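These are my notebook entries on what I looked up in one structure, written down in the order in which I went through it.

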Amino acid sequence: MVTLAQVARHAGVSPSTVSYVLSGKRSISEATRRRVEQSIADLGYHPHAGARALASNRSNVIALMIPLRTDMFVPVMMEIAISITTTARRYAHDVLLLTSEEGPSAVKRVAGSGLADALILMDVELDDERIPLLRQTGAAAALIGLPADPAGLSCVDLDFEATGAIAADHLADLGHREVALIGAAETVYRRHTGFAERTLAGFGRRAAERGIGYLHRPCGGSHEATAGTISRILEERPGTTGFVVQNEAALPHLLGLLRQIGRAVPEDASVVAICPDDVALHSSPQLTSVSIPAEEMGRRAVELVMAQAAGEDTTGLTLLAPTLTVRESTGPAPHPA
């Protein structure tokens, strides 16, 4: 590996001058700076990460806290993580991925050790235990999600209340009078995870405003769990003709089960999915859906923490407006037999 001393010899300067060029701590003449930078490029020198952190008091690392739980749809979380990683590289930062369920202790460990310049938190709950300590440390941080009390925080998320509302509106506009929201697993609601709770709130409020009957049922991602959920919905409300599904794992099972019981989609039952576009497009029939803007959420979270690290105040909410794309899975409500 090329050393700092070798760069200094190649540029004809002292090692301390090379260090000052790298850290920017002292003024160096333009000609000397260009000569050092050229030597760095010619030799392919990369500063040692630990030494660079000590010199600049920065780690050039963003810590991403993304607890991986069995009740989560991991592909969406990973799409957001990839967006965070690629955006961070544009700021010359790497990403430290923290996937365990450490909660507040992880915030304390990262913020107190200088391990990272900033934190991005995912899988945000309404009363998230990580947030009081995050406020206490004053660390540069952004949340992908919305807690019950976002005061003093920088948050970016899809507007899930509006998402639930737009899905209810679409079914109501098509004449459906009995609708159901098939949600995530029961454990997601027990944790009061923000996206699930807010979708339910928006969906229920808009359904009531439009005068349509509705119910909500959590659902596991397996075929058996989906079958049980559909059976219970239709036993309780056999006139249900519209379904909003916020559970990517259950979607393929749901479509197959509706066919098995003689409810063709969209002639007899309409389905609106809250899911990534690739899930909607690779279903049969292709699903009317509200897309999850994973790439934009990840990018904006990095932009928020980088602005904070530069001394800017980014406190506030960035709620991305939902977009519903009509495809093959929704149609006019069937006429009663």
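The model is predicted, with local features needing pLDDT of at least 70 and side-chain atom pairs counting only at pLDDT 80 or more, while totals for chains, interfaces and linings use all residues. Residues are numbered from 1 along each chain as its sequence is written, and side-chain values use heavy atoms, with hydrogens and water left out.

**Entry 1: α11 and α12**

I looked up which residues meet here, and found H223, T226, A227 and I230 of α11 against H253, L254, L257 and Q260 of α12. I sorted these residues by class (Ala, Val, Leu, Ile, Met, Phe, Trp, Tyr, Cys and Pro count as nonpolar, Asp, Glu, Lys and Arg as charged, and the others, Gly among them, as polar), and the contact of α11 with α12 has four nonpolar, four polar and no charged residues. Helix α11 covers residues 223-236 and helix α12 residues 251-260, and they pack at about 50 degrees with their axes 9 Å apart. Axes are lines fitted to C-alpha atoms, for helices over the stretch in contact, and angles run from 0 to 180 degrees between N-to-C directions. The pair α11 and α12 is therefore oblique, given that angles under 35 degrees count as roughly parallel, over 145 as roughly antiparallel, 65 to 115 as roughly perpendicular and the rest as oblique.

**Entry 2: α1 and α3**

I then turned to helix α1 (residues 4-11) and helix α3 (residues 30-43), whose axes come within 9 Å and cross at roughly 120 degrees, which makes α1 oblique to α3. On the α1 side the contact is made by Q6, V7, H10 and A11, and on the α3 side by R35, V36, S39, I40, D42 and L43. By class I noted five nonpolar, three polar and two charged residues in the contact of α1 with α3.

I followed six strands through an open sheet with parallel pairing, in the order β2-β1-β3-β4-β5-β11, where two strands pair if DSSP finds at least two bridges between them. The edges are β2 (94-98) and β11 (316-320), each with a single partner strand, so one side of each has no neighbour in the sheet. In strand β2 I picked out L96, which at 27% relative accessibility counts as partly exposed (buried is under 20% relative accessible area, exposed over 50%, partly exposed in between, with a 1.4 Å probe and protein chains only). Leaving aside neighbours within four places in sequence, L96 is in contact with V61, I62, A63, L64 and L115.

Conventions
Helix = DSSP H or I, 4+ residues; strand = E, 2+ residues; numbered from the N terminus. Contact = heavy atoms within 4.5 Å.
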